[in-house]
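Subject: Handing over the structure

Hi,

Here is the structure I promised to pass on to you. Below it you will find my notes on what turned up when I went through it.

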Amino acid sequence: VGGNPSITISSNKGIYSPGDTLTLSFALSNPTANTQIVDVFLGIVAPDGSTYFFDSSPFQRTLVQAKADDPTTFTPASTSLELSLGYDFPSMPFFSMTLPSGLPEGTYYALAALAEPGSVQAGSPKIIGNLSIISFRYSP
């Protein structure tokens with residue numbers, strides 16, 4: 001048993017048009033020998049570089065804009081999440097929406113990361129494991 005806790009993000013397809021449903025999913029695992037406490041970050045970067053993070057406030061799941069160069073503006077989807085030894089959460093949708101017309105055309109990136117609790121908000125991110133990034137295109 002070794003390695004780091006990991007998070008993986010995925011989308012239901014690679015190219016979208018207005019009216020298509022975008023679904024983002026994530027999987028989470030802890031193959032380490034210990035319980036791990038992590039902050040979870042799930043975000044989207046638009047073609048113009050605008051960065052948004054999913055806020056998992058109860059019943060909201062809203063996107064909160066952040067400054068890409070200022071980690072203190074990054075909103076965690078979950079804070080101090082406890083991953084027990086051997087924790088394995090299969091890929092599960094966390095966000096789904098029908099895409100409207102009028103979104104900027106281009107390549108979007110969805111990202112997921114685990115960090116030491118509080119380190120990102122303090123402006124000194126300590127990422128645990130690998131950053132998971134996928135891209136998808138929006139074309140009207």
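One definition to start with: a residue is called buried when its relative accessible area is under 20%, exposed when over 50%, and partly exposed in between, using a 1.4 Å probe and protein chains only. Accessible areas themselves come from the Shrake-Rupley method with a 1.4 Å probe, and for residues only the protein chains shown count as cover.

On provenance: the model is predicted, so local features need pLDDT of at least 70 and side-chain atom pairs count only at pLDDT 80 or more, while totals for chains, interfaces and linings use all residues. Residues are numbered from 1 along each chain as its sequence is written, and side-chain values use heavy atoms, with hydrogens and water left out.

Helices (H or I, at least four residues) and strands (E, at least two) are DSSP runs, numbered from the N terminus. I128 belongs to strand β10, and its relative accessibility of 12% makes I128 buried. Between the C-alpha atoms of I128 and G118 there are 13 Å, for a sequence separation of 10 residues.

P125 sits in the loop between β9 and β10 and is partly exposed, because its relative accessibility is 39%. Its C-alpha is 9.8 Å from that of L114, which is 11 residues away in sequence. P71, in the loop between β6 (62-66) and β7, is buried at 17% relative accessibility. What is the C-alpha distance between P71 and P125, given that they are 54 residues apart in sequence? The answer is 7.2 Å.

S139 is placed in the segment after β10, and with a relative accessible area of 24% S139 is partly exposed. From S139 to A77 the C-alpha distance is 28 Å, across 62 residues of sequence.

**The largest pocket**

On a 1 Å grid over the protein atoms alone, a cavity is a set of points where a 1.4 Å probe fits but cannot get out, whereas a pocket is an open set with protein on both sides within 12 Å along at least five of seven lines; lining residues have an atom within 4 Å of a point. Grid points are joined across faces, edges and corners, and a volume is the space filled by probe spheres set on the points.

The volume of the largest pocket comes to about 260 Å³. It is lined by 14 residues, and I44, L63, L99, L103 and Y108 are the closest to its centre.

**Salt bridges**

Side chains of opposite charge can pair when their charged atoms come close. Counting a side-chain nitrogen of Lys or Arg within 4 Å of a carboxyl oxygen of Asp or Glu as a salt bridge, the structure has 2.

One joins D20 and K13, with 3.2 Å between the closest N and O atoms. D20 is partly exposed at 21% relative accessible area, and K13 is partly exposed at 36%.

Another joins the side chains of E105 and R137, at 4.0 Å from N to O. E105 is in the loop between β8 and β9 and R137 is in strand β10, so this pair ties together parts that are 32 residues apart in sequence. E105 is partly exposed at 47%, as is R137 at 35%.

**A surface patch and a backbone angle**

Patches are built from residues with over 30% relative accessible area and no salt bridge, joining like charges within 9 Å and nonpolar side chains (Val, Leu, Ile, Met, Phe, Trp, Tyr) within 5 Å. Y109, L131 and I133 make up a nonpolar surface patch with about 290 Å² of accessible area together. Y109 is in strand β9 (residues 106-115) and is partly exposed at 38%.

Lastly, S80 in strand β7 (residues 78-83) has a phi near 50°, a positive value in a residue other than glycine. Most residues other than glycine have a negative phi. S80 is partly exposed, with 47% relative accessible area.

Best wishes
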